[in-house]
Amino acid sequence: MSNLPLNPKQPHEDNDGALDTTQQGSSNLHTGLDHESSQQAALDPAPLDKKPLHQDPTDNSSINQDPLSQDKLPSHQTDAAHCDASQLRAEPALSSESKGPSQPRSSVDKKPTAMISHSSFIEGFLGTLALAFKDKGVLLMLIFAPIIYGFFYPWPYGSEVVQQVPVGVVDYDHSKLSKTITRYSDAHPNIKVTPYLTQTDALNALYDEQIAGYLIIPRDLEKDVYASKPAHVSILGNNSYFLLNKQLQLGFTTAVSTVSAGIEIKRSVAQGAYMPTAKVSTQAVPLRIDPMFNRTEGYGAYVVPAVAILILQQTLLMGTSLLIGTWYENKKQNASILGWLGRIGALSLITFTVACFYYGWVFNFQNYSRGHNLPGTLLFMAIYAPTVATLGCLLGLWFKERERGMQILIFSSLPMFFLSGYPWPVTQLPEVLQYVRWLFPSTSGMNASVQLNQMGASLSQVSSYLYHLLALWLMCFILLIWVQHRQIKRTTAESI
């Protein structure tokens, strides 16, 4: 410490606040140095005339080697050197004492790794709405995708009923009656007839998908009919396309039945009956088909209202998993119970609004049956949307990545549709799948929505579906809190 800038012209103030004179500083320095050198000799067994192998640059033993030389220094310099030497010898003890309590203090002051981003309902609600409208991916899935589906998904089914299905007729009779059957068939709006000479030609055209089916008129058909012998025609169709097969069978059946009824009327008139009496006698019990809900009997009115519920579910699941995955990547996924309820409420509000767009505009624009129990439909959606949102939050915590939910859920739409029991009878499903299908909200959602909105069912008639949705929401919410607790516990254990 000999290199300290000391000014010999200025007096030095010691620890007691008194000013030292030159003679007092010199006597004090001699006394302090003699005492320190005696302690150093007692602690150091090495001879004084040997130099240490490694000399500490901060060691002030050089000051103690020649006490007489210190008399030549001014009093304030020698006193400062004495103070610096004593402080340097005391610093190792202080530093060793300070190291002890510093270690536990660092572990106590460490910030927790698991943070609660939303602790109240309002924070979760407003924070979720804000991020949902800022994140383009979430906004696309929650709002724009359902609206786009509402415009374009019903478009292919705009005609409702398939018409002008290409069919073939193989006429082996070549009679007036067979030509009448062919002409009546071609006049039906459902089918468009193409004649073929042989059944082989018609079958090859069916294999090449040029026609959806064909009619075979056997030989001697007219002769057997007028002889009152049993006569029949054959209709062959491709069941791979059930809609086309239905239309060609309906067209051919209507044409043949009309011709057959005309023959019966002529026969009755020939036997002396009046024409009105003959017409009535051909059909003693008239059959009247009046569809109750699907007035057009079209495929679009049948499938779109149910698929709309599945669209709302899948877009909400994927959008929620995107949102929770983003929070997970930014370490903001954790929330309190009220915070989670706020998040679920915000996501449900968005989907509820989009559902009102479907019920109020899309079904009206497409002229589907609608609005038969509107309060019940809105109550159903108020239960359905939170259930799906809670399931989406659970899947988001499970996937832990932003895009993982979309990659998995995008392929699950078709199995959920067929497992719902809407397009396929439940009794025809394997027994295991009859239980598995209740794991999805769409199973109750599709059936309850169609029965309430399209068929006018009461709440008591769909109460089993509503109870299932409530139970599924409670189960998903409990699992959500449990998964978050496990993740917080694991994160805390890894940080220790």
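Reader: Does helix 14 pass helix 19 in a left-handed or a right-handed crossing?

Author: This is a predicted model, in which local features need pLDDT of at least 70 and side-chain atom pairs count only at pLDDT 80 or more, while totals for chains, interfaces and linings use all residues. Residues are numbered from 1 along each chain as its sequence is written, and side-chain values use heavy atoms, leaving out hydrogens and water. The crossing of helix 14 with helix 19 is left-handed (near helix turned anticlockwise from the far one by less than a right angle; clockwise is right-handed). Helices here are DSSP runs of H or I of at least four residues, numbered from the N terminus.

Reader: How is the geometry of such a pair stated?

Author: Two packed helices are described by the angle between their axes and the distance between the axes. Helix 14 (residues 374-399) and helix 19 (residues 463-495) cross at roughly 25 degrees, their axes coming within 9 Å. Helix 14 is therefore roughly parallel to helix 19 (under 35 degrees).

Reader: At what angle does helix 12 pack with helix 14?

Author: The angle is about 40 degrees, with the axes of helix 12 and helix 14 8 Å apart, so the two helices are oblique to each other. Helix 12 passes helix 14 in a right-handed crossing. The residues in contact include Leu316 and Thr320 of helix 12 and Tyr384 and Leu391 of helix 14. By class, 16 are nonpolar, 5 polar and none charged.

Reader: Which helix gives the most to the lining of the second largest pocket?

Author: Helix 10 does, with 9 residues. Helix 10 (242-270) and helix 12 (299-329) each supply at least two lining residues. The lining has 12 nonpolar, 11 polar and 3 charged residues.

Conventions: Nonpolar A, V, L, I, M, F, W, Y, C, P; charged D, E, K, R; others polar. Axes fitted to C-alpha atoms, helices over the stretch in contact; angles between N-to-C directions. Parallel < 35°, antiparallel > 145°, perpendicular 65-115°, else oblique. Contact = heavy atoms within 4.5 Å.
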